[in-house]
Amino acid sequence: MITDPKLQLTIDCAEPERLAAFWAAALGYKVEPPSAPFATWRAYWLDQGLPEEELGEGDCSDSVIDPDGTGPRIWFQQVPELKVVKNRLHLDLGVSGGRSVPFATRKERVPAEVMRLETAGASRLRIEDSEGSGSSFVVMHGSEGNEFCVH
């Protein structure tokens, strides 16, 4: 029996290095550094015997980690097929302060984060706003079309 399981979130994608950089910025994570003594993940994978032609461009970074060590590691797994349907799982980025914060205040906090994420490469899909239910959030797309919400 595993007494201390570790959660890793795996996201299929076409360009792991690009997504790792985006989600590190979006979540306040950092791109996971390669194992010592390697300066890059490319050097690590070449040392492990992966052929150069399988590695693509860049330094081959494909994961992000929480600098505090409390959040899950996120690995961006390169797959050959493109995304063709809506996600069955998506990330929610809570920036508004939650239901203990007045609705008007929560509604003011989300747009600044949405603009920051757009600058980092995301795009706005739609705004969901219902004062009656106390719900206000923005559905966004990452650079490969994966949906996530900012609330």
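When I say contact or touching, I mean heavy atoms within 4.5 Å. Leaving out residues up to four places away in sequence, Val150 touches Leu93, Val95, Val110, Glu113, Val114, Leu117, Phe137, Val138 and Met140.

This is a predicted model, where local features need pLDDT of at least 70, side-chain atom pairs count only at pLDDT 80 or more, and totals for chains, interfaces and linings use all residues. Residues are numbered from 1 along each chain as its sequence is written, and side-chain values use heavy atoms, with hydrogens and water left out.

Now the core. A nonpolar core is a set of buried Ala, Val, Leu, Ile, Met, Phe, Trp, Tyr and Cys residues joined through side-chain atoms within 4.5 Å. Buried means under 20% relative accessible area, with a 1.4 Å probe and protein chains only. The largest core has 22 residues, and Trp23, Phe76, Leu117, Met140, Phe148 and Val150 have the most contacts inside it. Helix 1 supplies the largest share, 6 residues; helices here are DSSP runs of H or I, at least four residues, and strands are runs of E, at least two, numbered from the N terminus.

Next, Ser61, in the loop between helix 2 (41-47) and strand 3 (63-65). Is Ser61 buried or exposed? Ser61 is buried, because its relative accessible area is 8%. Beyond four places in sequence, Ser61 is in contact with Pro16, Glu17, Ala20, Val31 and Trp41.

Terms used: Buried < 20%, exposed > 50% of the residue type's maximum accessible area, 1.4 Å probe, protein only.
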